[in-house]
Each structure stands twice: as structure tokens, then as C-alpha cells.
Amino acid sequence: MSTLTKASTILALALVAGLSTAVGAQTLTITPGGVGLATSGPVFRYTPAAGVAAATSAGLTSATGLHTNYSFAPNSIASPSDALWRAGWFFRVQGESRALAFPSAATSTVNTANGPITVTQNFTNGNNLGTLSQAGINYTARLTSGAGGWDFSSQQNFEITSTTLGPTVAITNTLVNSGFTPVTIHLFWCTDADTPPSFGNDILTLAPTPAPGIIRQGNFGGAQPSVVLGRGNSTAYAGRGGVGFPFGTTVFDDMTSGIITNFNNTLPPASAGFDRNLGLQWTVTLGVGESFVAETFMRLDLGPCNASDVAGPGQDPNYDRQLTADDIIVFLNWFFASDVRADVAGPGQSTVPDGQFTADDIIVFLNRFFAGC
Ligand SMILES: [Ca+2]
Ligand SMILES: [Ca+2]
Ligand SMILES: [Ca+2]
């Protein structure tokens with residue numbers, strides 16, 4: 001597995017090509033509690049795409065116009081620990097023939113068969129100092145045409161907190177129909193997360209049922225940490241990605257290919273050598289003046305605190321970094337159902353699973369349990 005970061009790969013390519021790496025003025029950086037960048041700790045930031053001029057259609061129709069320089073780092077802002085290569089919001093209004101990006105340029109316009117669509121940033125909340133825990137950008141999107149057109153606003157917000165399970169960014173997008181007719185909006189949040197310190201060996205895994213609505217992005221055959229991607233109140237998802245660099249077809253390609261895409265609730269199979277990415281979709285119809293809040297989150301997951309941390313509250317079969325009766329109940333339920341997750345020991349309490357369910361499995365589980373987090 002390569003230990004190169006994707007960022008350093010891209011930077012190397014950019015230097016070869018002689019491209020600018022200048023950063024625009026709208027970089028937003030947030031830290032839990034707004035403690036600032038001088039303190040080591042989780043940080044989430046995004047900066048405008050380099051070299052994107054205002055009022056170009058490319059900002060809407062390609063991924064080059066996004067706030068591409070995202071980072072989500074657990075302990076410092078150093079790129080080797082960065083868990084997020086690219087992210088971005090896109091939309092497609094019902095009746096239009098393609099998705100468009102919310103670009104980093106102040107105003108962008110593209111001509112379509114239905115007329116010109118203009119996306120404008122009208123408010124930026126936050127700064128690049130890390131002295132706030134939340135930041136965001138407000139947009140308006142508008143189709144002006146003789147047929148009437150449509151008009152909605154999109155308030156995009158990010159808030160980072162430290163939680164028991166790991167640093168978490170709550171992501172919301174508030175849509176308001178500010179036009180004069182009902183509008184159906186397909187909204188998309190796309191992420192290319194990687195598990196530090198490498199990329200190119202990603203897997204995407206749907207959390208077991210009863211699903212708390214998460215998809216894990218981790219390393220094939222590897223241990224924690226992973227990046228947890230919340231499905232929130234989305235209506236669909238899709239995973240993509242190819243082998244190595246430049247990582248094959250992505251959900252960003254879906255958004256910029258110029259055709260209609262709807263995600264179909266599929267994830268690619270887990271195997272070695274792939275750089276995966278994930279898209280979420282919301283489809284909502286808003287009457288005049290109506291609003292909707294799309295919600296999702298990302299978490300740099302710290303993993304279970306102990307091999308016996310197999311459940312959360314209410315026997316949710318996902319760890320919670322605490323050891324409680326729920327962990328014991330879930331383990332015993334697995335044990336009596338001959339679930340492979342309860343085969344944690346072999347004869348003589350060796351810690352190698354042996355395909356048998358015996359008292360040794362229970363003893364090893366309980367020893368780990370009482371060792372504590
Ligand atoms: Ca990835
Ligand atoms: Ca637990
Ligand atoms: Ca066993």
C-alpha cells in the first residue's frame with residue numbers, strides 16, 4: 001500500500017504542469033470549540049478552487065469550480081493525516097438535463113436549453129483562523145426564462161465538535177423555494193474520503209442493521225481508524241471509485257458528466273487497491289416559500305475502545321467506546337446464534353478463532369470486558 005497522500009500526488013502533478021496553487025480569500029476553517037489552529041486538535045477546512053474566475057460556466061459544470069481543497073484532519077493540519085480529499089454540493093432541478101455544482105466563484109452562469117442558470121454566493125459565514133466551530137456559505141440558484149423559471153436558496157453549514165467516538169462535522173444544507181412555482185430539487189453531497197495516512201485501498205461498508213444510518217470508509221484489510229459518513233436524512237446513496245490514481249469514475253464524474261444521474265443505493269464490493277468515494281442524494285419538492293434541511297455528517301472514527309466494545313446503547317450493534325451490559329448481551333446473542341463475531345477464542349483461551357463456540361469464547365470476551373476501556 002502506498003503511503004503517499006493523494007494531496008502530495010496532486011501537488012506533484014500540479015508542479016510538473018506549472019499550475020498555480022494559490023488559495024482564494026474564502027477559505028473557511030473550523031475547530032471544535034473554536035480553539036484556533038495553534039492548538040493541536042481536529043480541524044475541518046475548505047478553500048476555493050485555485051484559479052477559478054468568476055462568472056464562468058466551468059464552475060458549475062465541472063468539479064474544478066468546487067471548494068476542492070477540503071481537509072479533515074484528526075490531530076494537525078498536516079496533509080499526511082488528512083482524511084478528506086474532495087467534497088462538494090451539487091443540485092439538479094427537475095426538468096433540467098444535468099447536475100450543477102455550487103461553485104467557489106462568487107457568481108457563475110451557464111446557458112441551458114431552458115435558459116440561463118445563475119448561482120450566486122451571497123453570504124459567507126466564518127474565517128480561516130479556526131476560531132469558530134461553524135462556518136458556511138449561502139447561495140441562490142436561479143433559472144431565468146420566458147417560461148417562468150425557478151429560484152431557490154441554499155444555506156450550507158458545517159459545524160465541528162469533539163465527540164466520544166471522534167471529531168465530527170455536522171453538515172446541513174437548508175433549501176428554500178424563493179420562486180413563484182413549486183420546484184423539485186435533487187440535492188447531492190459528494191465526498192472522496194481516505195483513511196489516513198494513505199489512499200488507494202478504500203472500502204465502503206454499510207453499517208449493520210438496525211442501521212444508525214452510516215457508511216464506513218476504511219482501509220481494505222486494515223484496522224481503525226475509518227471515516228464515518230452519515231446518511232442523515234438522504235434518500236439515496238452510491239459508492240464509486242477505481243484502482244489507484246486517478247481513481248477511475250467517481251461520484252464527481254456523475255455530477256459533471258452532463259447527463260441525469262440518480263444514485264441507486266449501491267456500494268462497490270470490498271477489495272484491495274481501490275480509491276472509493278461516496279455520494280448522497282436528497283429529492284424534495286418544495287411549494288412556494290417552503291424549506292427543507294438536508295442533514296449528514298462525517299466523523300474521524302476512533303474505533304472501538306476494546307475488542308469487547310461490540311455494542312452501543314439499546315444494543316445497537318456498533319461500538320460506542322464504552323463497556324456496558326449492552327456489549328455483553330449483544331455478544332451472548334451472537335454466541336447463541338453461532339454468529340462468527342462471537343468466535344473470539346480457541347482451545348485453552350487462545351485468542352485465535354477456531355470456528356467453534358465454547359466457554360473459551362465467553363471467557364476471553366469477559367476478560368477483555370473487565371479489562372476496561
Ligand atoms: Ca477515497
Ligand atoms: Ca459498548
Ligand atoms: Ca471459538
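**Close-up views of a predicted model**

Of the protein's 373 residues, 40% count as buried. The model is predicted. Five helices and 17 strands make up its secondary structure. Among contacts between residues at least 6 apart in sequence, 62% join residues at least 24 apart.

View 1. Strand 2 covers residues 43–46. Three bridges join strand 2 to strand 3, and the two run antiparallel. Val 43 stands opposite Ala 73 of strand 3. In general, strands of a sheet pair through backbone hydrogen bonds.

**View 2. Gly 34 lies in the loop between strand 1 and strand 2.** Is Gly 34 buried or partly exposed? Gly 34 counts as partly exposed, because it has 13 C-beta neighbours inside 10 Å. A residue needs 20 or more such neighbours to be buried, and 12 or fewer make it exposed. Leaving aside residues up to four places away in sequence, Gly 34 touches Thr 131, Leu 132 and Ser 133. Ile 160 is 126 residues from Gly 34 along the chain, yet their C-alpha atoms are separated by 9.0 Å.

**View 3. Strand 16 pairs with strand 11 and with strand 15.** Strand 16 spans residues 274–286. How many bridges link strand 16 to strand 11 (residues 183–193)? There are nine, in the antiparallel sense. Thr 191 stands opposite Leu 278 of strand 16. Strand 15 (residues 236–243) also pairs with strand 16 in the antiparallel sense, over eight bridges. Here Arg 240 stands opposite Asn 277 of strand 16. In a regular strand, side chains alternate between the two faces of the sheet.

**View 4. Helix 5 covers residues 359–371.** The helix has 13 residues. From first C-alpha to last, helix 5 reaches 18 Å. That is close to the 18 Å expected at 1.5 Å a residue. An α-helix has 3.6 residues a turn, so residues three or four places apart point the same way. What follows helix 5? Gly 372 does, and its phi is positive, near 80 degrees.

Key. Residues are numbered from 1 along each chain as its sequence is written. Chains are lettered from A and ligands numbered from 1 in the order in which they are written. This is a predicted model: local features need pLDDT of at least 70, side-chain atom pairs count only at pLDDT 80 or more; totals for chains, interfaces and linings use all residues. Helices (H or I, at least four residues) and strands (E, at least two) are DSSP runs, numbered from the N terminus. The expected span of a helix is 1.5 Å times one less than its number of residues. Two residues are in contact if their C-beta atoms, placed from the backbone, lie within 7 Å. Two strands pair if DSSP finds at least two bridges between them.
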